[in-house]
Amino acid sequence: MTQEQEMAENRRKNEGGWTSAATLSRALPFIQRHAGAIIVVKFGGHAMSTPELTADFARDIVLLRQVGVQPVVVHGGGPQIGSMLSRLDIKTEFKDGLRISDMETVGVAEMVLSGAINKAIVSAINCAGGRAVGLSGRDARLITAAPKAEGLGFTGVPIATDTRVLTTLTDDGFIPVVSPISADENGDGFNINADTAAGTLAAALGASRLMLMTDVEGVMDKDKRLLTDLSRQDVQTLIDDGTAQGGMIPKLTTAMDAVAGGVEAVVILDGRRAHGLLVELFTDEGAGTLIHA
Ligand SMILES: Nc1ncnc2c1ncn2[C@@H]1O[C@H](COP(=O)(O)OP(=O)(O)O)[C@@H](O)[C@H]1O
Ligand SMILES: CC(=O)N[C@@H](CCC(=O)OP(=O)(O)O)C(=O)O
């Protein structure tokens, strides 16, 4: 068969094309529902473990923007900070999922997050045809930080936000990409957990959804079965009875605070699998664990 004959034959059959068109058409009511909405997407350090996953993520974000959603990306990079600290021979410890950060550690965290990772995500989104702008909690006083607790050094929490820089960007079609490193009133840098920063910004922006992309399918019960739907009370129980541990704790407290702060729903989903964002937003079934008020 010549190439022309093959193309003609494919056009006659084209089963795949009709299936794709049907999928697109079924997405229409979902696209209409989310058009104009602000959706904060937290991209975790584990979820960006390969360039392919980052590229797939970037395409999904650009697609969201293309269909009228206003995505705001907040990123982590815990494993990447960990490997830089070990290359520099600096020991690191966690308490309840948060890195205990002295001045040297927060310096490394800022270099890795606001430098390398932020720019890699911005680049990936721009290569996918978007207009991404990288910034951190420091920029335009987006997030003002304070110490989380006595003895945790420069491990911070957000105490105030000024989201005007984000709305200025989203109103003009840009996609903000935010590193969670922030400063206090004196300009001292603080290491804020990326889930916490994303939750605070989602509430401050009045986002309709907060999507936390991680390295598990979602929240698991004691038998490692995926929990698909949780109320705030259910989430509290999972923390109290020890079902949720380590990095899942800041995710769940963030989810509870975000829904209490007016975010309609928080979704914890698998960032290791391509297109989870689209499955969650544009299909009936959704993906991962949905947490609501
Ligand atoms: N009940 C639970 N369900 C799912 N994951 C849990 C649970 N308890 C603890 N975890 C851990 O939380 C991790 C996700 O948090 P974290 O490592 O901080 O991810 P990220 O880098 O994406 O923010 C999972 O890999 C898992 O090991
Ligand atoms: C205080 C604190 O724990 N900060 C985090 C910031 C990065 C982060 O949250 O990254 P992931 O989302 O990939 O875990 C850290 O130093 O690891």
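A residue is called buried if 20 or more other C-beta atoms lie within 10 Å of its own, exposed if 12 or fewer do, and partly exposed in between, with C-beta atoms placed from the backbone. Helices (H or I, at least four residues) and strands (E, at least two) are DSSP runs, numbered from the N terminus. This is a predicted model, in which local features need pLDDT of at least 70 and side-chain atom pairs count only at pLDDT 80 or more, while totals for chains, interfaces and linings use all residues. Residues are numbered from 1 along each chain as its sequence is written, and chains are lettered from A and ligands numbered from 1 in the order in which they are written.

**Confidence**
- The chain has a mean pLDDT of 94, and 100% of its residues reach 70 or more; pLDDT is the predictor's confidence in each residue, from 0 to 100.
- For the complex, the predictor gives an ipTM of 0.96 and a pTM of 0.94.

**Domain record**
- An unreviewed UniProt entry lists residues 38-269 as "domain: Aspartate/glutamate/uridylate kinase"; UniProt positions are given in the numbering used here, feature names are shortened, and annotations may be inferred rather than shown by experiment.
- In the model, residues 38-269 are 40% helix and 25% strand, and the end C-alpha atoms of this span lie 18 Å apart.

**Ligand 1**
- Around ligand 1 there are 17 residues, of which Gly44, Thr214, Met220, Gly247 and Met248 come nearest; a residue is near a molecule if its C-beta atom, placed from the backbone, lies within 6 Å of it.
- The shell around ligand 1 has 6 nonpolar, 10 polar and 1 charged residues.
- In these classes, Ala, Val, Leu, Ile, Met, Phe, Trp, Tyr, Cys and Pro count as nonpolar, Asp, Glu, Lys and Arg as charged, and the others, Gly among them, as polar.

**Ligand 2**
- Ligand 2 has 15 residues around it, and those that come nearest are Gly45, Gly76, Gly78, Arg99 and Ala194.
- Helix H4 and strand S4 (98-99) each supply at least two residues of this shell.
- By class, the shell around ligand 2 holds 5 nonpolar, 9 polar and 1 charged residues.

**Recorded binding site**
- Under "binding site", the unreviewed UniProt entry lists Gly77, Gly78, Arg99 and Asn191.
- These positions are spread over 115 residues of sequence but cluster in space, with a largest C-alpha distance of 11.9 Å.
- Gly78 is in helix H4 (residues 78-87) and counts as partly exposed, because it has 19 C-beta neighbours inside 10 Å.
- Asn191 is in strand S10 (residues 189-192) and is buried, because 28 other C-beta atoms lie within 10 Å.
- Not counting residues up to four places away in sequence, Asn191 touches Arg99, Ser101, Thr105, Val106, Ala109, Phe154, Thr155, Gly156 and Ile181; two residues are in contact if their C-beta atoms, placed from the backbone, lie within 7 Å.

**Positive phi values**
- Ala140 is in the loop between strand S5 (132-136) and strand S6 (143-147), and its phi is near 55°, a positive value in a residue other than glycine.
- Ala140 is partly exposed, because 14 other C-beta atoms lie within 10 Å.
- Arg141 is also found in the loop between S5 and S6, and has a positive phi of about 55° although it is not a glycine.
- Arg141 counts as partly exposed, because it has 15 C-beta neighbours inside 10 Å.
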